[in-house]
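Subject: Structure for your review

Dear colleague,

Please find below the structure that I am handing over to you.

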Amino acid sequence: MATTESDLGGPTDLSEEEQRAVEAQLLRLADDELIQAERYTFWQVRAPTLESDLSISNNAQDELGHARLWYDAVQQLGYSEESLIYESDPSDFQHSTFVELPFAEGDWADAIVRAYLYDVAEDIRLSALENSSYETIRNRTSRIQGEEGYHLEHAESWLDRMALDKEASERVQAAIDELYPYALTLFEPVGDVEADIDRLGIRTMTLDEMRTEWETRVESFLTELGFDVPTDVAPATPTGRDNEHTDHWHDLHEQMTSSYRNLGRDKATLIMADDDE
């Protein structure tokens, strides 16, 4: 269990060391959520039912909103949205390679397995941030947790249903085998800053502790449904946390930022600004 020091205070109260650790944690959160949201948009109007279409669209909107909350927290440390997203080089992002993978064409099982593996990890990660020593993280965590709980419930419900169908369960198993090593990259470190994140109490669980809990929960749920869960599997490479990504990311980044560039923008346009916290 990570140790917790006294409250770090607000953005202007941080030492250089503290700001570096806070930034690393926030950017990991923001980048993961943004890219997960971008990938979810693939399933809009492609999901198997209207209800599913609405659910995946809502999930994408939620994840994008969460990304905005985390990016806004980074902006309080002296950055702009443009520099963090639209004008950044693809190698500047630290999201896990798990979230940048394209969905398998037409395979709803792939979408559900991916959502489940990610949402369990997100549930654990948010729990480790509930008592963060950085007030902004604490406040925003509580705003996000309710929506993430719905995402996990949605994925588990679909897995329950697909486990009862032979063809669907085979597709689920194939997705588990394919995606599991990539999901492990969610728990890979960002450079050499992890010890400071833990020591300063920015989160209250280490990456190893979160991974262990994730593996236990995932194995328990999936094996109860009759699926096999990989064991002794190494995280996929590249991990993304080291700023190294798959070729899929470069294509997605180009797509994400094309409108900003093509319209000659030099500033992101906000329809509605979030309240500062």
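In what follows, a residue is called buried when its relative accessible area is under 20%, exposed when the figure is over 50%, and partly exposed in between. Please bear in mind that this is a predicted model.

Salt bridges

The count of salt bridges comes to 20. In one of them, the side chains of R20 and D192 meet, with an N to O distance of 2.3 Å. R20 belongs to helix α1, whereas D192 lies in the loop between α7 (166-183) and α8 (194-199), so this pair ties together parts of the chain that are 172 residues apart in sequence. R20 has a relative accessibility of 40% and therefore counts as partly exposed. D192, at 60%, counts as exposed. Both residues also belong to a network of salt bridges that links E17, R20, D192, D196 and R199.

R28 forms a salt bridge with E194, and the closest N and O atoms are 3.0 Å apart. R28 sits in helix α1 and E194 in helix α8, so that the pair links distant parts of the chain, 166 residues apart. Are these two residues buried or exposed? R28 counts as buried because its relative accessibility is 2%, and E194 is buried as well, with a relative accessible area of 9%.

R171 is partly exposed, with a relative accessible area of 33%, while E167 is exposed, at 53%.

The cavity

A search of the whole structure finds one cavity of 30 Å³ or more. The volume of the largest cavity is about 130 Å³. It is lined by 13 residues, of which A121, R125, L186, M210 and R241 are the closest to its centre.

Which helices supply at least two residues each of this lining? They are α1 (16-40), α5 (108-127) and α9 (207-224). The largest share, four residues, comes from α5. By class, the lining of the largest cavity has seven nonpolar residues, five charged residues and one polar residue.

Yours sincerely

Definitions and conventions. Residues numbered from 1 in each chain as written. Predicted model: local features only at pLDDT ≥ 70, side-chain atom pairs only at ≥ 80, totals over all residues. Heavy atoms only, no water. 1 Å grid on protein atoms, 1.4 Å probe; cavity = no way out; pocket = protein on both sides within 12 Å on 5 of 7 lines; lining within 4 Å. Points joined across faces, edges and corners; volume = space filled by probe spheres on them. Nonpolar A, V, L, I, M, F, W, Y, C, P; charged D, E, K, R; others polar. Salt bridge = Lys/Arg side-chain N within 4 Å of Asp/Glu carboxyl O. Buried < 20%, exposed > 50% of the residue type's maximum accessible area, 1.4 Å probe, protein only.
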